[in-house]
Amino acid sequence: VEASIPEPQREAWKRNQITSFTDKDGFEKEVVRHVETTLARSMFNCDEIAAYSATSLAFRDRLITHWNRTQQRQTYRDTKRVYYLSLEFLMGRALDNAMLNVGLKNVAQDGLAELGFRIEDVVKQEHDAALGNGGLGRLAACFLDSLATLNFPAWGYGLRYRYGIFKQEIIDGYQVEVPDYWLDFNPWEFPRHDVTVDIQFFGQVNKKTVGGKTISVWEAGEIVQAVAYDVPIPGYDTPTTNNLRLWSSKASGGEFDFQKFNSGDYESSVADQQRAETISAVLYPNDNLERGKELRLKQQYFWVAASLYDIVRRFKKSRRSWNEFPDQVAIQLNDTHPTLAIVELQRILVDIEGLEWDNAWEIVTSTFGYTNHTVLPEALEKWPVGLVQHLLPRHLQIIYDINLFFLQSVEKAFPDDRDMLRRVSIIEESQPKMVRMAFLAIVGSHKVNGVAELHSDLIKTTIFKDFVEIYGPDKFTNVTNGITPRRWLHQANPRLSELIASKCGGNDFLKDLTLLNQLEKHVEDKQFRKEWAEIKYANKVRLAKHIKDTTGVVVNPASLFDVQVKRIHEYKRQQLNIFGVIHRYLSLKAMTPDQRKKQLPRVSIFGGKAAPGYWMAKQIIHLINSVGAVVNKDEDIGDLLKVIFLEDYNVSKAEMICPASDISEHISTAGTEASGTSNMKFVLNGGLIIGTCDGANIEITREIGESNIFLFGNLSEDVEDLRHAHTYGSHTIDSDLDKVFNEIEKGTFGTPHDFSAMIAAVRQHGDYYLVSDDFHSYIETHQLVDEAYRNQDEWIAKCITSVSRMGFFTSDRCINEYAEEIWNVEPLAVDRHSIWGP
Ligand code: NBG
């Protein structure tokens, strides 16, 4: 291990090694010290924000010593590392998670109390780190937690966006986007001004002869500097603290152009700097949609090139031969966003390191794995050839060569199939020509996986069918998604976690979630059920308070809480939900007061952001709010129905919402939701779900049993025929849905014109998402939900049984599957008493 201090002086260092606090007094000392020195506040001048900052700094100090030791241990042992490349890491808040993972939350709670603060209030001061859109980014965050908890030597690589996903405000029922500037004070990142990489763009490629060999040299472009910011990732109940490295862009070679500045040209003297900083300025706010913008491609290359430079630099320290690269390095591509890494590594090996093409390509393909997260055509990345040529001229050449060799091999294997070559070509021969990133990712990886069984089957039989023929089925595999039980149970629902621990022999279930199965033998235990129900009720009271505080609407916590929170998207079908709510409202209105008295009160809760450019999604939000405005003040209805739209859904709100649901909705058109992960979070927190046979719902059903889930709707194998029939046959709309449409058109929920496109999508434009086909079954199933909820005793039993069978859905299981099947990496055993490990 590199160390700059010579042996004789090391004694002094050892004598003065940092010892982290372990008790309340030690913690308090650290807080007071940080308030006075780091925050430069005088004694007793401390508000909640300062208390948050100082507490975070105290824990950060602790994490960073563990982080240093983890890095030293990994360097010393020099085993294979995993690199998870993701454009999105939806981390949420860090402090609570750090306290729980380190195991010192109680210490902090007591210490803060003595210093005059409530820990709940302190934790709430933190701004969410929202560097992601939805499930894809949150999955990456759960994976980091599991990688550290399981002691894998692993790094995450991403971009340090100055602005994460926008904040959503609801004004007059409409979504308004507000920038999310989250970096004002962020104690969780360490700028590494000494870790920088120059990243090149534009320019041209020249051939040069060096030592009798012709090589391609990429020259004379624009240079932007990448600066590393490191975020420590603590594992649960282990000293392993991994690193998430986020790159920030900066003008290379100085702050601004002094020449121009001196000559009085102030504006353009800073222009370069601003242009460079734009690259990592903002997260693209689309979920499941790609929009071929040049700046996005620049972001992708900037991040990929900086990360690969870093990975290669680390590999080179061990002075191994290049052929050992895949034994030391596994790189996972989170969706196609980092696919240029394949091309960049080939470029490094061939152009810079001088390896032969075939040798280099063997190394490249053994290194990468690619995870596909969607089959939606509008989400599959394609880049215009002209744009790639302009921005990355050498990379385009390499892509063409990769494609040439690939197509040659296909032609050999399928000599009479010209159409096959056209179909699988990495270059789509369209106007303009496009680079198909998913195909490039498949060709450049040794494994391709989907994220739930149905999804992995679908990619093999639809979008990647030809590639299964070419490579055989073994290249394709499934790793069903999971979630970290640390954040999504222990942190989000501390009382339930404690109750579970009391029945499962302590907290071990947080590291081995299958231990939840011990709950099942307590299902009949009356006292246990009562405590379970009390916790759910308390969580609902907390959410009801939040609803009151943020919307002014008072909801009765004894009502059935029906929740759909996720990005707003037509395929996720919030429109089906709100049409169902209107149907319920109309049914209630048609009843006599006596009949109404027998109905079950319900609160329909929605939340989620629409991409700023997704007009239809914004109309859906507007309809939900418009229905709420009418229903919530209808005195005939009272508590029987309330419709709530929660503003600015994000990770920290999810932590409050998931524990408070009775039923949650996962109702995508069959075959469209690759997995879904909030379905897992809701069930793990003792809520039931209503859902379609889609994504991970199917495996959840298999695990928890059909009687514990409310499934409805058409199956994925029927979707194509139905769509075809809508377009080419006669298309009749469900009669109940028709009544809902008529009511909207009467103006009951405001200007009908506002919602005409939503209705037309179903009535006139082929109902692509099968809203009408599934409506009847959806309504009927909600009636079953009502009936089931009336029997509280049985309902609670269903919840407990479901939780006891959720062990499969931990992200620890996912990571172990990736490690074994795709990465071929082993965890690094840690000896808690030695920095070097056993
Ligand atoms: C999303 C899917 C979800 C899935 C997450 C994580 C994209 C492209 N895909 O169903 O829509 O749970 O990925 O795998 O964001």
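In this predicted model, helix 4, spanning residues 95-102, is mostly covered, with seven of its eight residues buried. The buried positions are Leu95, Asp96, Asn97, Ala98, Met99, Leu100 and Asn101. These buried residues of helix 4 pack against helix 3 (48-77), helix 5 (105-115), helix 6 (119-123), helix 7, strand 10 (222-234) and helix 21 (485-491). Helix 4 is followed by Gly103, which adopts a positive phi near 85°.

Helix 7 (residues 135-149), one of the elements against which the buried residues of helix 4 pack, also meets helix 35 (residues 811-823), the two axes coming within 9 Å and crossing at roughly 80°. Because angles of 65 to 115 degrees count as roughly perpendicular, helix 7 is described as roughly perpendicular to helix 35. On the side of helix 7 the contact is made by Cys142, Phe143, Ser146 and Leu147, and helix 35 contributes Ser811, Asp812, Cys814, Ile815, Tyr818 and Trp823. By residue class, this contact comprises seven nonpolar, two polar and one charged residue.

With regard to the cysteines, a search of the whole structure returned zero disulfides. Cys142 is accordingly in no disulfide, the nearest cysteine sulfur being that of Cys814, 8.8 Å away, whereas a disulfide requires cysteine sulfur atoms within 2.5 Å. Cys142 is buried, with a relative accessible area of 2%. Cys504 is likewise in no disulfide, and the nearest cysteine sulfur, belonging to Cys799, lies 16 Å away. Cys504 also counts as buried, at 3% relative accessibility.

How values were computed. Residues numbered from 1 in each chain as written. Predicted model: local features only at pLDDT ≥ 70, side-chain atom pairs only at ≥ 80, totals over all residues. Heavy atoms only, no water. Axes fitted to C-alpha atoms, helices over the stretch in contact; angles between N-to-C directions. Helix = DSSP H or I, 4+ residues; strand = E, 2+ residues; numbered from the N terminus. Parallel < 35°, antiparallel > 145°, perpendicular 65-115°, else oblique. Contact = heavy atoms within 4.5 Å. Nonpolar A, V, L, I, M, F, W, Y, C, P; charged D, E, K, R; others polar. Buried < 20%, exposed > 50% of the residue type's maximum accessible area, 1.4 Å probe, protein only.
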